[in-house]
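Here are my notes on this one, as promised. Have a look at the model first, then read the points alongside it.

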Amino acid sequence: IKSMKEYIARFGHGTAKNAKQAQSKEKVLAKMIRGGLTEKPEEEKVVNFKFTDPGHLPPPVLSFRDVSFGYPACEPLYT
């Protein structure tokens, strides 16, 4: 997708031959996007957490009331 966009930007208003090729690539790109093609996703960064050992903790460490968790448009996973 990136190379097609660069070609279109570079040659879209050039000579008749290059402009025609750029228009053709633009049509193909529009069709691909309509079909659901998107930009290549960026690789997610890995994050590591390190917590020092706190030793003995008396219960309760955390207390929650009226808490729920779930994903949008799904049943709650935890209530």
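1. Let's start with the packing. Helix 1 (2-11) is part of what covers the buried residues of helix 2, with contact taken as heavy atoms within 4.5 Å. Helices here are DSSP runs of H or I of at least four residues, and strands are runs of E of at least two, numbered from the N terminus.

2. Before going on, a word on what you're looking at. This is a predicted model, where local features need pLDDT of at least 70, side-chain atom pairs count only at pLDDT 80 or more, and totals for chains, interfaces and linings use all residues. Residues are numbered from 1 along each chain as its sequence is written, and side-chain values use heavy atoms, leaving out hydrogens and water.

3. Which residues of helix 2 are buried? Ala-19, Ala-22 and Leu-29 are; buried means under 20% relative accessible area, exposed over 50%, and partly exposed in between (1.4 Å probe, protein chains only). Looking down the axis of helix 2, these buried residues fall within an arc of 80 degrees, so they line one face. The arc is taken from the directions from the helix axis to the C-beta atoms.

4. The face of helix 2 turned away from that buried side has the exposed residues Ala-16, Lys-17, Lys-20, Lys-27, Lys-31 and Arg-34.

5. Geometry of helix 2: its 19 residues reach 27 Å from first C-alpha to last, close to the 27 Å expected at 1.5 Å a residue. That expected span is 1.5 Å times one less than the number of residues. After helix 2 comes Gly-36, with a positive phi near 110 degrees.

6. Helix 1 buries Met-4, Tyr-7 and Ile-8. They cover an arc of only 95 degrees around the axis, which puts them on the same side of helix 1. Exposed on the other side of helix 1 are Lys-2, Ser-3, Ala-9 and Arg-10. As background, an α-helix has 3.6 residues a turn, so residues three or four places apart point the same way.

7. Now the segment after helix 2. His-56 sits there and, at 72% relative accessibility, counts as exposed. Between the C-alpha atoms of His-56 and Met-4, 52 residues apart along the chain, the separation is 60 Å.

8. Val-67 is also placed in the segment after helix 2, and is partly exposed at 38% relative accessible area.
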